[in-house]
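Hello,

Here is the structure I promised to pass on to you. Please open it beside this message, and then read on for what was found in it.

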Amino acid sequence: MLLQKAIRSLNNLHQHQFVFHFFYHSPLKLIPTNFANHLQVCNTINQRVRTKAKGKKKMACKGIHWFLLAHLLVQIAKINARVPAIIVFGDSSVDSGNNNNISTMLKSNFEPYGRDFIGGQPTGRFSNGRIPTDFISEAFGIKPTIPAYLDPTYDIKDFATGVCFASAGTGYDNATSNVLSVIPLWEELENYKEFQKDLRGYLGEEKANEVLGEALYLISMGTNDFLENYYLLSERSSEFSIEEYQNFLAGIAGNFITELYNLGARKISIGGLPPMGCLPLERTTNILFGSDCVEEYNNAATDFNEKLKGLIANLNKELTGIRLVFANPYDILFEMIQNPESFGFKETAIACCGTGLFEMSYLCGNINPFTCSDASKYVFWDSFHPTEKTNGILADHVMKNSLAEFLW
């Protein structure tokens with residue numbers, strides 16, 4: 001009875017009925033022991049508000065309700081999570097260190113990368129701290145970071161609850177991975193198949209298949225296909241118009257998702273492109289036009305995102321039992337760039353590392369004396385990648401708008 005009153009009280013204030021329906025069918029141990037005390041305080045305040053002018057007490061009560069709502073949502077994720085593991089494919093936006101262990105110039109396993117990471121150590125993540133997939137894993141109550149599959153300090157015990165196959169510099173197009181000699185998408189998939197075998201040896205066939213079927217698969221790539229391939233080199237641009245190339249990439253994405261599905265994946269999120277014309281490196285090259293965002297690149301990103309949405313709609317109809325969602329970083333990142341003060345940022349056109357105009361990877365090393373002291377004031381860490389703070393905001397946005405359905 002007390003639980004039902006608590007739920008009704010929160011439900012009346014927020015009308016998040018889908019959340020509280022869950023609690024009617026959940027163990028009482030999910031509810032904080034001091035929940036009733038908070039509820040009684042709020043009920044007392046509400047009684048006073050009915051007879052007095054509205055003021056700070058009502059706002060305080062709303063604050064308590066929001067706190068409780070957030071607490072309960074976290075408990076859902078941690079105790080009743082339907083996602084036992086996070087499995088990641090993609091490029092530098094989600095690479096947690098695989099490039100450390102391959103022969104490529106595109107690395108970030110040195111300072112000042114990772115200076116705000118747990119322990120202050122560079123890991124191969126292209127940021128000053130954690131990347132979006134780390135935050136997403138934590139939001140699902142799994143673990144605060146996702147290890148790289150090629151990192152020799154981890155093994156199947158670590159990978160069983162989350163593993164990253166991503167490689168910085170790669171893309172959907174095999175030609176993109178050739179530019180900087182990184183892991184192509186097909187090889188990421190081969191590594192995943194190897195992981196599947198190891199997981200079945202570790203957990204047993206039945207348990208491993210359950211984990212693989214309930215795991216959440218995150219895919220994030222595509223920027224390099226355009227900026228490091230199509231717009232930079234002549235091979236693809238002479239072969240395809242921009243729309244044809246977008247269709248070409250979308251076709252590869254569809255085939256990749258279908259392969260994952262055939263291997264047992266059912267919960268899949270595919271990330272869209274960011275406003276890639278607003279990356280500091282691209283703005284630097286646009287100096288003749290005032291270093292504004294490159295509109296052509298942003299238009300290519302939004303057009304490709306629409307094609308991904310269409311792909312998702314079709315695959316959700318064609319593949320029985322799949323739950324495929326679109327994670328859109330474009331709008332929230334563009335909003336951060338256009339209205340930085342609303343998010344606590346001060347600088348959007350240049351990055352924190354070095355001069356902030358063109359540096360990334362080895363150019364963004366400790367030898368560079370211009371790196372900022374407080375990365376939290378910057379949207380971008382280097383000229384191509386967001387700061388940890390930005391990554392956290394992106395992950396929070398994706399959790400609320402795309403991945404929340406996987407909490408139940």
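Let's start with helix H16, whose buried residues pack against H5, S3, S4, strand S5 (323-327) and H15. Buried means under 20% relative accessible area, exposed means over 50%, and partly exposed is in between, using a 1.4 Å probe and protein chains only. The helices (H or I, at least four residues) and strands (E, at least two) are DSSP runs, numbered from the N terminus. Among the buried residues of H16 are Glu 388, Asn 391, Leu 394, Val 398 and Leu 403.

Before going further, please note that this is a predicted model, where local features need pLDDT of at least 70 and side-chain atom pairs count only at pLDDT 80 or more, while totals for chains, interfaces and linings use all residues. Residues are numbered from 1 along each chain as its sequence is written, and side-chain values use heavy atoms, with hydrogens and water left out.

The chain as a whole

The protein chain has 16 helices and five strands. Of its 408 residues, 53% count as buried. A contact here means heavy atoms within 4.5 Å. Among contacts between residues at least 6 apart in sequence, 70% join residues at least 24 apart. The chain exposes about 18,500 Å², and carbon and sulfur atoms supply 53% of that area. Accessible areas come from the Shrake-Rupley method with a 1.4 Å probe, and for residues only the protein chains shown count as cover.

The cores

In soluble globular proteins, nonpolar side chains tend to be buried together. A nonpolar core is a set of buried Ala, Val, Leu, Ile, Met, Phe, Trp, Tyr and Cys residues joined through side-chain atoms within 4.5 Å. Which residues have the most contacts inside the largest nonpolar core? They are Ile 87, Tyr 192, Phe 195, Tyr 217 and Leu 260, in a core of 67 residues. A second, separate core has 20 residues, including Leu 216, Val 325, Ala 395 and Phe 406. Going back to Phe 195, and leaving aside its neighbours within four places in sequence, you will find it in contact with Ile 87, Tyr 149, Ile 156, Phe 159, Val 163, Phe 165 and Leu 212.

The cavities

Rolling a probe the size of a water molecule over the atoms shows where empty space is left. On a 1 Å grid over the protein atoms alone, a cavity is a set of points where a 1.4 Å probe fits but cannot get out, and lining residues have an atom within 4 Å of a point. Grid points are joined across faces, edges and corners, and a volume is the space filled by probe spheres set on the points.

How many cavities of 30 Å³ or more does a search of the whole structure find? There are four. Helix H5 (132-139), strand S3 (216-220), helix H10 (223-230), strand S4 (267-271) and helix H16 (388-403) each supply at least two lining residues. This lining divides into 18 nonpolar, twelve polar and one charged residue. Here Ala, Val, Leu, Ile, Met, Phe, Trp, Tyr, Cys and Pro count as nonpolar, Asp, Glu, Lys and Arg as charged, and the others, Gly among them, as polar.

The second largest cavity has a volume of about 60 Å³. Its lining includes Ser 92, Leu 106, Asn 224, Glu 228 and His 385, and divides into four nonpolar, four polar and one charged residue.

Ser 383 sits in the loop between helix H15 (330-338) and H16. Is Ser 383 buried or exposed? With a relative accessible area of 1%, Ser 383 is buried. Not counting residues up to four places away in sequence, Ser 383 touches Leu 279, Pro 280, Leu 281, Ala 351, Leu 357, Phe 358, Glu 359 and Met 360.

Ser 361 is also found in the loop between H15 and H16. Ser 361 has a positive phi of about 55 degrees although it is not a glycine, and it is buried at 5%. Ser 181 likewise has a positive phi of about 55 degrees without being a glycine, but Ser 181 counts as partly exposed, at 45% relative accessibility.

Lastly, the peptide bond from Glu 111 to Pro 112 is cis, with omega near 10 degrees.

Happy exploring!

Note on methods: 1 Å grid on protein atoms, 1.4 Å probe; cavity = no way out; pocket = protein on both sides within 12 Å on 5 of 7 lines; lining within 4 Å.
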